[in-house]
Amino acid sequence: MNILEFSLLVWLGSFSAGLVGALTGLGGGVVIVPLLTSVFGVDIRYAIGASLVSVIATSLGSASTYINKGYANLRLGMFLEVATTIGALVGALLATHITVKILSLILAIVLIYSAYLSQRPRPEQAEIGLPDPLAEYLQLHGTYPTADGIVSYQVHSLPAGFSIMVVAGVLSGLLGIGSGAFKVLAMDQAMRLPFKVSTTTSNFMIGVTAAASTGVYLTRGYIDPGLSMPVMLGVLPGAFLGARILIGAKTQILRIIFSLVLVVMALKMIYNILMGGL
């Protein structure tokens with residue numbers, strides 16, 4: 001395989017990653033890392049570096065659309081970024097000291113459980129509870145457009161969501177996957193936000209989280225421009241397309257896609273562990 005064929009195949013895979021990342025709020029890294037390591041035989045450190053670049057591109061490609069359309073909660077995203085940025089820096093610094101196999105196994109188990117949680121119907125009365133006082137003080141509640149007009153929502157359990165975001169940031173720095181799965185689950189399950197608000201706000205956040213840890217990988221020499229460029233050029237149009245599709249998509253369909261991606265991601269990690277690929 002010559003360099004042109006390699007770049008073209010990486011571009012095609014990255015386009016698909018950007019599409020999935022924008023639709024589910026996971027970020028393209030969930031596809032990029034397994035793709036580069038398993039299919040193209042790229043060293044996992046360089047795959048993580050390219051993945052972090054792709055996550056930033058996914059966020060840039062879709063977040064602007066979501067913000068302009070009124071889906072992403074900008075104030076909430078910026079507040080939670082404090083947690084994910086701290087976690088991302090810690091994760092990137094610990095990346096060379098923690099066994100990736102063990103971490104990947106734990107992550108795979110959590111992802112499968114997260115897929116189960118995302119499919120559980122949330123009781124209607126769960127939304128009746130009092131909003132989080134801190135969220136109310138910081139004015140983090142918001143609105144989003146629906147077919148029936150603008151709908152208001154309230155943020156619940158902000159401390160719990162903030163704690164999960166720290167873990168999401170650490171995993172992003174360690175594995176380069178953006179950790180959008182945990183961001184979406186934190187907002188959807190813990191803070192009880194509408195699913196479209198969760199996915200769109202996650203897309204906005206993952207770029208900042210990835211940027212925090214990208215600097216560490218760059219100084220270690222794990223970001224190869226020849227690999228990162230086709231990844232980024234593929235992810236960007238995929239993310240734009242995914243952002244446009246998401247606006248008109250049904251929430252239940254998004255939940256199914258979200259769960260399927262989580263399960264596939266978890267099984268792929270377990271397979272890599274068993275085959276010695278991580």
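# A tour around helix H9

Start with two helices: H7 and H9 pack at an angle of about 45°, with their axes 9 Å apart. That makes H7 oblique to H9. Axes here are lines fitted to C-alpha atoms, for helices over the stretch in contact, and angles run from 0 to 180 degrees between N-to-C directions. Angles under 35 degrees count as roughly parallel, over 145 as roughly antiparallel, 65 to 115 as roughly perpendicular, and the rest as oblique.

Some ground rules before the next selection. The model is predicted: local features need pLDDT of at least 70, side-chain atom pairs count only at pLDDT 80 or more, and totals for chains, interfaces and linings use all residues. Numbering starts from 1 along each chain as its sequence is written, and side-chain values use heavy atoms, with hydrogens and water left out.

**Whole chain**

Colour by secondary structure. The chain has eleven helices and two strands. Helices (H or I, at least four residues) and strands (E, at least two) are DSSP runs, numbered from the N terminus. The order from the N terminus is α-α-α-α-α-α-β-β-α-α-α-α-α.

Now colour by accessibility. Of the 278 residues, 54% are buried. Buried means under 20% relative accessible area, exposed over 50%, and partly exposed in between (1.4 Å probe, protein chains only). Among contacts with a separation of 6 or more, 82% join residues 24 or more positions apart. Contact means heavy atoms within 4.5 Å.

**Select 158-175: helix H7**

H7 has 18 residues. From first C-alpha to last it reaches 25 Å, close to the 26 Å expected at 1.5 Å a residue. The expected span is 1.5 Å times one less than the number of residues. Buried residues of H7 include Leu-158, Gly-161, Met-165, Ala-168 and Gly-169. Further along, Leu-171, Ser-172, Gly-173, Leu-174 and Leu-175 are also among the buried residues of H7.

Show the side chains facing H9. Met-165, Gly-169, Ser-172, Gly-173 and Leu-174 in H7 meet Met-205, Thr-209, Ala-210, Ser-213 and Tyr-217 in H9. H7 passes H9 in a right-handed crossing. A crossing is left-handed if the near helix is turned anticlockwise from the far one by less than a right angle, and right-handed if clockwise.

Step back to Ser-157, in the loop between strand S2 (149-153) and H7. Its relative accessibility is 32%, so Ser-157 counts as partly exposed. Check the backbone too: Ser-157 has a positive phi of about 50° although it is not a glycine. Most residues other than glycine have a negative phi.

The axes of H4 and H9 come within 8 Å and cross at roughly 30°. The two helices, H4 and H9, are therefore roughly parallel to each other. H4 passes H9 in a right-handed crossing. On the H4 side, the contact residues include Leu-74, Gly-77, Met-78, Thr-84 and Ala-88. On the H9 side, look for Thr-201, Phe-204, Met-205, Thr-209 and Tyr-217, among others.

H9 and H10 pack at an angle of about 165°, with their axes 11 Å apart. H9 and H10 are therefore roughly antiparallel. Lys-196, Thr-199 and Thr-200 of H9 make the contact with Leu-246, Ile-247 and Gly-248 of H10. H9 passes H10 in a left-handed crossing.

**Pick Tyr-222**

Tyr-222 lies in the loop between H9 and H10. Tyr-222 is partly exposed, with a relative accessible area of 22%. Which residues does Tyr-222 touch, not counting residues up to four places away in sequence? They are Arg-45, Tyr-46, Gly-49 and Tyr-217. Tyr-222 and Ile-44 are 178 residues apart in sequence and 9.4 Å apart in space, C-alpha to C-alpha.

**Pick Gly-234**

Gly-234 is in helix H10. Is Gly-234 buried or exposed? Gly-234 is buried, with a relative accessible area of 0%. Not counting residues up to four places away in sequence, Gly-234 touches Trp-11, Ser-14 and Phe-15. Gly-234 and Thr-58 are 176 residues apart in sequence and 9.7 Å apart in space, C-alpha to C-alpha.

**Last stop: the annotated spans**

An unreviewed UniProt entry places the feature "transmembrane region" at residues 46-67, 88-113, 162-182, 203-223, 229-247 and 254-274. UniProt positions follow the numbering used here, feature names are shortened, and annotations may be inferred rather than shown by experiment. Select 203-223: the chain there is 81% helix and 0% strand, with end C-alpha atoms 22 Å apart. Then select 229-247: that span is 100% helix and 0% strand, and its end C-alpha atoms lie 28 Å apart.
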